[in-house]
Amino acid sequence: MADEEAALAWMDQALDVAREALEHGEVPVGCLLVCDNEVLGKGRNEVNETKNATRHAEMVAIDRVLEWCQQSNKVYEEVFPKTVLYVTVEPCIMCAAALRLMKIPRVIYGCQNERFGGCGSVLNIASGDLVDTGEPFECIAGYRAKEAVELLKAFYRQENPNAPKSKVRKKKHRSLSSTDGIQKLTE
Ligand SMILES: [Zn+2]
């Protein structure tokens, strides 16, 4: 199926962005916002570099698209509803709320985020009936999930200088290994 191949190809690019995050000592999550076969914005985690816990891949990509809109004289309210967001890990609750507010209609992601996921793993912000919180969006999971999990594992095997010591780190190991089974393609 051509759509499926295209989605996998975009996800490969998102994984490249995630690898870049890993090289920079960030939790390896990569994200692309695509419109009409064009990448309008990319993002990877910048939390450790910026010491700002809100600089998740999706937030960075949204900011890139806002810049793109400004430079290209486009109205962002018209652009975001035409985009598809590809991200290697299920968006967290904060990002899922931001995606709703920006009215991004479709999200394709890799592995589940069992600790923070906002598309069903912890809360379902994606399709929830929420007042004054943008529009629900469609979520398709499982694209390149195995690769996404491998990158996360590679990160947590290293020392994360900003991670809390002891128990919390051990918990992360457990929750990551529990995502191993989730590699199914839902479409
Ligand atoms: Zn997030």
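Before we start clicking, a word on strands: two of them pair if DSSP finds at least two bridges between them. Helices (H or I, at least four residues) and strands (E, at least two) are DSSP runs, numbered from the N terminus. Residue numbers start from 1 along each chain as its sequence is written. You're looking at a predicted model, where local features need pLDDT of at least 70, side-chain atom pairs count only at pLDDT 80 or more, and totals for chains, interfaces and linings use all residues.

**The whole chain**

Start with a cartoon view: the protein chain has seven helices and five strands. Of its 187 residues, 41% are buried, where buried takes 20 or more other C-beta atoms within 10 Å of a residue's own, with C-beta atoms placed from the backbone.

**Strand E1**

Select E1, residues 30-35. Five of the six residues of this strand are buried, so E1 is largely enclosed by the rest of the structure. Cys-31 stands opposite Gly-43 in E2. Two residues lie between the strands in this hairpin, and Asp-36 there takes a positive phi near 45°.

Now bring in E3, residues 84-89. E1 and E3 run antiparallel and are joined by four bridges. Which residue of E3 does Leu-33 stand opposite? Zoom in and you'll find Leu-85.

**The nonpolar core**

Next, show the largest nonpolar core, which has 53 residues. Such a core is a set of buried Ala, Val, Leu, Ile, Met, Phe, Trp, Tyr and Cys residues joined through C-beta atoms within 7 Å. Those with the most contacts inside this core include Cys-31, Leu-85 and Tyr-86. H1 gives the most to this core, with eight residues.

Click on Tyr-86. Not counting residues up to four places away in sequence, Tyr-86 touches Trp-10, Met-11, Ala-14, Cys-31, Leu-32, Val-34 and Ile-108. A contact here puts two C-beta atoms, placed from the backbone, within 7 Å.

**Helix H3**

Last stop: H3, residues 57-71. Its buried residues include Ala-57, Met-59, Ile-62 and Val-65, and Glu-58 is one of them too. Just after H3, look for Asn-73, with a positive phi of about 55°.

Note on methods
Buried ≥ 20, exposed ≤ 12 C-beta atoms within 10 Å, placed from the backbone.
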